[in-house]
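I opened this model to look up its covalent links, its charged pairs and its nonpolar packing. My entries are below, in the order in which I made them.

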Amino acid sequence: MNDVKHVSWQMENGAPSRIGALGQSRDGYLWIGSVEGLFRFDGAAFEKIRPEHWRGGPFVVSAILGASSGDVWVGLGRSGGAMIYRAGRLLDTHMPNPSREVVGMAETRNGAVWVARGGRIVDTLALYRNGRWERAGADWGLPTQRAWQLLVARDGALWIVLNDRVMRLAPGARRFEKTGGYVTWRANIAEDASGRMWVSDGNGTRPLDLQAQKGPSAASGHSPRRRSSTTIRFDGKGRLWGTTPAEGLFRMDAPHDPGSANRRAVSQSRKWFTDADGMTSDQARSLFVDREGNVWAGTELGLDMLRDADVNVETAIPANSAESYHIAVADEGTVYVTDADTLYRIRAGRSPEKVLRTATNPATLCPARDGGVWLTLRDRLLRVTADRVERFAKPINSTYYGCAEDRDGRLWLPAVDAGLLWRQKSGAWQSWPGFRAGVGVPGDVALDARGKAAILFRNRPPTLKGAPFISVVKERLRVGNLESLLPGRRLLMVGGAQGLAALTEGRVLTLSAKEYPWVGSINGLVQTVSGDTWTIGDAGIVRMRTAALDAAFKAPGVPLPRRIFDFNDGVNSFAQKASGPQAVAGGDGRLWFLTRRNVLTVDPRRLERNSMAPSVSIRSLIVGDRHFRDPLNIELPGGTTTLAINYTATSLTVPSRVRFRYRLEGADANWIDAQNRRAASYSDLGPGTYRFRVIASNNDGVWNRDGADVRFTILPTLVQTWPFRLAVLAAFGLLLWILYSLRLRQVSAQIRGRTEARSAERERIARELHDTLLQGMQGLIMRFHAIGEHLSESDPTRTSIDQTLDRADDLLMEGRERVRDLRKTHDACLEALLRELADAQPFDPSTKVQVVSNGNARPINGPIAEEVGRIAGEAMFNAARHAEADRVEVRADYGRKRLVVTILDNGIGFDGDGPRRAQQQGHYGMLGMHERAGRIGARVDIVGRLGQGTTVVVTIPASLAYRSEAGSHSNPFGRLWYFLTKGSQARPV
């Protein structure tokens, strides 16, 4: 079977052994039953599925059925009955009186599941419907025979294979009917595309004869080599596959009723695949064709998968040639290939045939303009056509690297050790001058689209004046070391280690392998009439659209779509690094490629795109040591921060090419391109509800954009709950309030202490003035008064003394008033003070001055009242002297949180530069008001506008202003910042 790609999984790869059952579930998993248990396989990993409750002993799976509901039915050996896998759990169905082994299961259109109970001749079948089990035996028309297989046909009928016959249950019927088909023990049946039943048993593999009156003839069909019974299945292309207990796997490409006239054709259509071809074991136990058309075989030692290969090995040409392969296509489309000693011809639609054997190794092969091909040997030149071989002498026994016959009939032969030779059409040989050591060493030759020869030189070229060829050298191309000449249908291209160059109209266009990795180290290229460019090189076999390649040459950086064919597609070796063509297109459309091991072929007409989007599923969610299989909605405990999610896509054709994108809603802002990774992990997750989504594409880029998802909720811990956060916030607020209160008490105590110290100092000064200065002055006045009494009234001296005594009395009175003022510090009446200040100002008699108060009047701390009075006095003095106002209002607002004193007038006001100009002119009244306010922890706001008067507002916190509010903590948060930052700056004056 050189047209299939074989992939195998053995026990050392994690595959189970002794596989006896295969099936596929609706989500695309391949389910595997073996002596080792139940497994599901996504193409990448085997996952063992264990039952939730098992009685003990081996868990042997003998049959598998993927039901239409998505459930997976599992038939067991060792009298285990049947189980069902649903929503991530493998549950017992509690089949009554189970048989020794379940040998088959099938689901009919009505959803009923039928189970063949092996080893039993009575009540051979069990039926599960409407949630309960029923027995089916003689009452259903079944004879007392063992059952070996169940099959639901395309028409909905249920077929059963017994010891010696096949019976059928029509849809809706209650009794099985005879079919006329007779079989031998342990037979197996399959239905072809036309609805005809085939059987395989000890007498061979053949269509089931429904008209037979007795057992089948041993010569009635194809038999496996030992006439042993087999398992058979048809694939989507009508080919019949079969497994055998000891001879591996076989395939019949054109199965039909093998009468005596065509028995030989049937035998020739049979192909075998055994352990000699790489199969895990010739002991094949089970067979299954999945929904993508892949064929699976379970064997004694592992699992095998076979699918159509896009790239086929041409087995008619021996592998591992001792010398390089050479290939050329003649003008008529016939392909010629050489290996170490043989020339092969491949006609359109035919297999290779030997043309001749050579005495020496073929050196070059190229098309001849008059038909056929040129073949160079070490000692001669051959021209091979469809009906003859012509031989010509060579002037030099040398080794040549490529050949090409140009449009003028010159046959060019580059030789590393002899330089560049060519043969004239007349047969004469010539050598291009200038060849010597280090100069003019040719390495390859090809023809451009016009038929002109291009010569690749390995070093500095010889003299090129008048040369009838194109010289190709490394220095011109900027693609690294040159590896190949690649003639296209329009452009001549050159492959280099670092990219691909194209020569066109004297210009060089390049594509870098850094930007397009698959264009590096290309060794062969062919462009087809259908518009495709095929290459072979280090990247494998690559297909691109020719128009896209041309566009990339013109504008490097534009997208260049490609399809790479590699070892997953049937390529089994690497491109050989040899001169001459490494890829050609035959006249029948088949493409041929040379590798180090084989000659490969691709038929573009047979390439099929996998149009089935993969099923995507979440395999598991893992948190610590907890494993949730097939999760849907999961609730995770508080404190969960890290988890892992395993996902998959069940495209089983080439699992390594499946691509994924995922996103965790609630954590990821955008989709994450995971390439072919099948797991995602997250850390630092907080409480909340998340949705993990994953989408995938199959091996041909067909996306399932619905994908799969899982929702999970991480519960909050106590410290992550909103009540706890609010409680913490409240506690923090309480702590802040306490700190503020303590700070407020501290600042208030500091200010109060300083105020009390100031009051005490004023009282001390008042006492000292009274007891010393005023008393002393009083004594002096009395003495001077006594002196004056001794003088006559007409004495001028007495007059002078009397005047001095009058002035001294005035000074004594003023001193007493000052002493009285020093003692006026407690329980000051602010309103009376403001009225007194207003009466003392030089207001025009026409100016209406009004002093009012709002709120409950409270006693004001003396020093505070004094400073407020001086600020208010300065404001009223300014209003009297400069405002030209006809109305002035002084207002005291006793608030619960603050004391506010406002002085406003309707005078001329001032502009924004007024305060600055006043200071420049030596007036510092406004500055003094701010300084006084700062010393007592108050604030002064002065607002004025031209023609709209002036307003002065003095604001003092209640805790400082009112004598009865000492220690008040009203509105602590509103004043927190002020007292934390400004309170310590308050000081008494």
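These notes go from the disulfide to the salt bridges and then to the nonpolar cores. I am working from a predicted model.

**Entry 1: disulfide**

I searched the whole structure for disulfides and found one. It joins C366 to C403, with an S to S distance of 2.2 Å. I looked up the turn about the S-S bond and got -125°, which makes the link of C366 and C403 left-handed. I then placed both ends on the chain: C366 is in strand β33 (residues 364-367), while C403 is in the loop between β36 (389-393) and β37 (404-405). The two cysteines are 37 residues apart, and I note the pair as one that links distant parts of the chain.

Are the two ends buried or exposed? C366 has 3% relative accessibility and counts as buried. C403 has 6% and also counts as buried. The cut-off I applied for buried is under 20% relative accessible area.

**Entry 2: salt bridges**

The side chains of D3 and R251 meet in a salt bridge, N to O 3.0 Å. D3 lies in the segment before β1 (4-10) and R251 lies in strand β23 (residues 249-252), so this pair ties together parts that are 248 residues apart in sequence. I checked accessibility at each end. D3 has a relative accessible area of 12% and is buried. R251 is at 0% relative accessibility and counts as buried.

The next pair is D253 with K271, where the closest N and O atoms are 3.3 Å apart. I find D253 in the loop between β23 and α1 (263-269), and K271 in strand β24 (residues 270-273). The separation is 18 residues, and this pair too is noted as linking distant parts of the chain. D253, at 30% relative accessibility, counts as partly exposed. K271 is partly exposed as well, with a relative accessible area of 27%.

I also looked at E390 and R383, which form a salt bridge with their closest N and O atoms 2.6 Å apart. E390 has a relative accessible area of 24% and is partly exposed. R383 has 9% relative accessibility and counts as buried.

Which residues are linked in a network of salt bridges? I list R40, D42, E47, R619, R629, D630 and R678.

**Entry 3: nonpolar cores**

I turned to the largest nonpolar core, which has 39 residues. Those with the most contacts inside it are L830, L834, I860, M876, L899 and I956. I then asked which elements supply at least two residues each. The helices are α4 (722-789), α6 (830-840), α7 (862-883), α9 (925-935) and α10 (958-961). The strands are β65 (887-894), β66 (898-905) and β68 (950-957). Among these, α7 gives the most to the core, with ten residues.

I took M876 for a closer look. Leaving out residues up to four places away in sequence, M876 touches L834, L837, A838, Q841, F843, V890 and I903.

Technical notes. Residues numbered from 1 in each chain as written. Predicted model: local features only at pLDDT ≥ 70, side-chain atom pairs only at ≥ 80, totals over all residues. Heavy atoms only, no water. Disulfide = S-S within 2.5 Å. Helix = DSSP H or I, 4+ residues; strand = E, 2+ residues; numbered from the N terminus. Buried < 20%, exposed > 50% of the residue type's maximum accessible area, 1.4 Å probe, protein only. Salt bridge = Lys/Arg side-chain N within 4 Å of Asp/Glu carboxyl O. Core = buried A, V, L, I, M, F, W, Y, C linked by side-chain atoms within 4.5 Å. Contact = heavy atoms within 4.5 Å.
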